[in-house]
Amino acid sequence: MSSCAKWNDDYSLGIKAIDDQHKMLFEMINKLCSVLEKDVTPRTFNGKVVLDKITEEILDEMSEYASNHFFLEESYFQEFHYEKTEEHMAQHELFRLKIHSLREELEKGNENVAFETLSFLSNWFVRHILHYDREYVECFHKHGL
Ligand SMILES: [Fe+2]
Ligand SMILES: [Fe+2]
């Protein structure tokens with residue numbers, strides 16, 4: 001998947017509440033991607049480099065996404081006794097840890113954090129949403145979702 005891409009119905013799991021949240025992650029990817037595609041000069045805003053500010057916003061959105069979205073998936077895992085709960089939750093934990101380390105890098109002044117965040121999110125989309133999340137669909141459908 002190229003980093004700036006259009007949402008495609010093939011990405012849907014067919015469970016609306018979950019697809020809507022996945023679309024939010026997709027929007028984060030596109031927001032960051034469109035900024036990085038422009039030639040961003042280090043203009044400052046409130047004493048911070050603009051790109052850093054946008055990256056910080058994306059990291060905040062990722063934290064919120066992690067709380068809301070992982071909570072939703074994990075609640076269903078518990079409710080439906082999903083067999084891959086543990087390994088799936090471990091993946092979610094990696095996402096949270098990554099946000100933490102990206103924040104640290106940003107604070108240290110690492111200039112590649114925006115690119116790193118974008119590549120992490122794009123890979124997450126392909127490896128997690130299109131792979132791990134797909135695996136629970138059958139179980140969720142069986143339970144009426
Ligand atoms: Fe998900
Ligand atoms: Fe997930």
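**Helices and iron sites**

Mentor: Let's start with the helices: H2 passes H4 in a left-handed crossing. Keep in mind that this is a predicted model.

Trainee: At what angle do H2 and H4 pack?
Mentor: The angle is about 15°, and the axes are 13 Å apart. Angles under 35 degrees count as roughly parallel, so H2 is roughly parallel to H4.

Trainee: Which residues in H2 and H4 meet?
Mentor: On the H2 side they include Leu59, Met62, His69, Phe70 and Glu73. Among those they meet in H4 are Leu121, Trp124, His128 and Asp133.

Trainee: And H1 with H4, are they roughly parallel or antiparallel?
Mentor: Roughly antiparallel. H1 and H4, the latter spanning residues 113-142, pack at about 165° with their axes 10 Å apart. H1 also passes H4 in a left-handed crossing. The contact residues include Ile18, His22, Leu25 and Phe26 of H1, along with Leu118, Phe125, Asp133 and Tyr136 of H4.

Trainee: Okay, switching to the metals. What are the protein donors of the iron ion (ligand 1)?
Mentor: There are His22 and His69, each through NE2, plus Glu73 through OE and Asp133 through OD. They lie 2.1 to 2.2 Å from the iron ion. If you want to find them along the chain, the spacing is H-x46-H-x3-E-x59-D.

Trainee: Is that site tetrahedral or irregular?
Mentor: Irregular, with angles of 83 to 169° among its 4 donor atoms. To count as tetrahedral, four donors need all angles between 85 and 135 degrees. Water is not among the atoms, so sites may look incomplete.

Trainee: Where do the two histidines, His22 and His69, lie?
Mentor: His22 lies in helix H1 (residues 16-37) and His69 in helix H2 (residues 50-80), so the pair ties together parts that are 47 residues apart in sequence.

Trainee: Does His22 count as buried or exposed?
Mentor: His22 is at 0% relative accessibility, so it counts as buried. His69 counts as buried too, at 1%.

Trainee: What does His69 touch?
Mentor: Leaving out residues up to four places away in sequence, His69 touches Ile18, Gln21, His22 and Asp133.

Trainee: Now the iron ion (ligand 2). Which residues coordinate it?
Mentor: Glu73 (OE), His88 (NE2), His92 (NE2), His128 (NE2) and Asp133 (OD), at 2.1 to 2.3 Å. Their spacing along the chain reads E-x14-H-x3-H-x35-H-x4-D.

Trainee: Which helices hold His92 and His128?
Mentor: His92 is in helix H3 (residues 85-108) and His128 is in helix H4. The two are 36 residues apart, and the pair links distant parts of the chain. Both His92 and His128 are buried.

Trainee: How far apart are the two iron ions, ligand 1 and ligand 2?
Mentor: They lie 3.5 Å apart, and Glu73 bridges them.

Trainee: Last topic: where is Ser12?
Mentor: Ser12 sits in the segment before H1. Ser12 has a relative accessible area of 21%, so it is partly exposed; the cut-off for buried is under 20%.

Trainee: What is Ser12 in contact with?
Mentor: Aside from neighbours within four places in sequence, Ser12 is in contact with Trp7, Asp19 and Arg134.

Trainee: And how far is Ser12 from Leu130?
Mentor: In sequence they are 118 residues apart, while C-alpha to C-alpha they are 8.8 Å apart in space.

Terms used. Residues are numbered from 1 along each chain as its sequence is written. Chains are lettered from A and ligands numbered from 1 in the order in which they are written. This is a predicted model: local features need pLDDT of at least 70, side-chain atom pairs count only at pLDDT 80 or more; totals for chains, interfaces and linings use all residues. Side-chain values use heavy atoms; hydrogens and water are left out. Donors are N, O and S atoms within 2.8 Å of the metal (3.2 Å for Na, K and Ca); water is not among the atoms, so sites may look incomplete. Four donors count as tetrahedral if all angles lie between 85 and 135 degrees; four count as square planar and six as octahedral if opposite donors are over 155 degrees apart and all others between 65 and 115; anything else is irregular. Helices (H or I, at least four residues) and strands (E, at least two) are DSSP runs, numbered from the N terminus. Buried means under 20% relative accessible area, exposed over 50%, partly exposed in between (1.4 Å probe, protein chains only). Axes are lines fitted to C-alpha atoms, for helices over the stretch in contact, and angles run from 0 to 180 degrees between N-to-C directions. Angles under 35 degrees count as roughly parallel, over 145 as roughly antiparallel, 65 to 115 as roughly perpendicular and the rest as oblique. A crossing is left-handed if the near helix is turned anticlockwise from the far one by less than a right angle, and right-handed if clockwise. Contact means heavy atoms within 4.5 Å.
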